[in-house]
Amino acid sequence: MWIELDGWMAKLRFSACHLIPHHPKCGRLHGHTYAVNVRVHGTRTGEFIIDFELLKEMIAQICSRLDHHVIVAENDPRIRITKNDDSVVIDIGEKRYQLPIEDIAFIPIDSTSAESLCIYVAGELARMIETSDLDVSRLEVRIDEGIGQGAGCMIDLDDGVSL
Ligand SMILES: [Zn+2]
């Protein structure tokens, strides 16, 4: 059995800025509204697999770290990040961006593609669910980058992480 949340309808969304280094179009700084869609497979503990409200709170917590920020993939080998006291310089080939540090969400991923953001969000959510007493066997997450396109991944919680 599973339950699911549609991020657009359930308002599990965030708006953020990013770029894909060296991409002809997406290499320029730009933004999207993202939605986090989640399906949770498991066995009911009492009435629920997981209370919708609890699941929404968990996802909203992850969204709030990213919302209205510039997302920077800390492990992207194509970019060089120099952190100063209150600003950050990001070098990508010939391009140099200087941004206030408070505007940036540094995320430990290798790209800010929908695929990488999905792996990050799914991993964070899996950690939250694993610390609960819930009997969840599988987590499916799909991040929509605007309406009509997205990337999904799956984590089997019984046998550890498999993305
Ligand atoms: Zn984009």
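Reader: Is the crossing of helix 1 and helix 2 left-handed or right-handed?
Author: The model is predicted, so that local features need pLDDT of at least 70 and side-chain atom pairs count only at pLDDT 80 or more, while totals for chains, interfaces and linings use all residues. Residues are numbered from 1 along each chain as its sequence is written, and side-chain values use heavy atoms, with hydrogens and water left out. Helices (DSSP runs of H or I, at least four residues) and strands (runs of E, at least two) are numbered from the N terminus, and a crossing is left-handed if the near helix is turned anticlockwise from the far one by less than a right angle, right-handed if clockwise. By that convention, the crossing of helix 1 and helix 2 is right-handed.

Reader: At what angle do helix 1 and helix 2 pack?
Author: Two packed helices are described by the angle between their axes and the distance between the axes. Axes are lines fitted to C-alpha atoms, for helices over the stretch in contact, and angles run from 0 to 180 degrees between N-to-C directions. Helix 1 (residues 52-66) and helix 2 (residues 114-130) have axes 10 Å apart, and their packing angle is about 135°.

Reader: Which orientation class describes helix 1 and helix 2?
Author: Angles under 35 degrees count as roughly parallel, over 145 as roughly antiparallel, 65 to 115 as roughly perpendicular and the rest as oblique. With an angle of about 135°, helix 1 and helix 2 are therefore oblique.

Reader: Which residues coordinate the zinc ion?
Author: Donors are N, O and S atoms within 2.8 Å of the metal (3.2 Å for Na, K and Ca), and because water is not among the atoms, sites may look incomplete. The donors follow the spacing H-x11-H-x1-H along the chain. Each contributes its NE2 atom, at 1.9 to 2.0 Å, and the residues are His18, His30 and His32.

Reader: Is His18 buried or exposed?
Author: His18 lies in strand 2 (residues 13-18), 12 residues from His30 in strand 3 (residues 30-42), and the pair links distant parts of the chain. Buried means under 20% relative accessible area, exposed over 50% and partly exposed in between (1.4 Å probe, protein chains only). Because its relative accessibility is 2%, His18 counts as buried.

Reader: What is the phi of Lys11?
Author: Lys11 is found in the loop between strand 1 (2-5) and strand 2, and it is exposed, with a relative accessible area of 64%. Although Lys11 is not a glycine, its phi is positive, about 60°.
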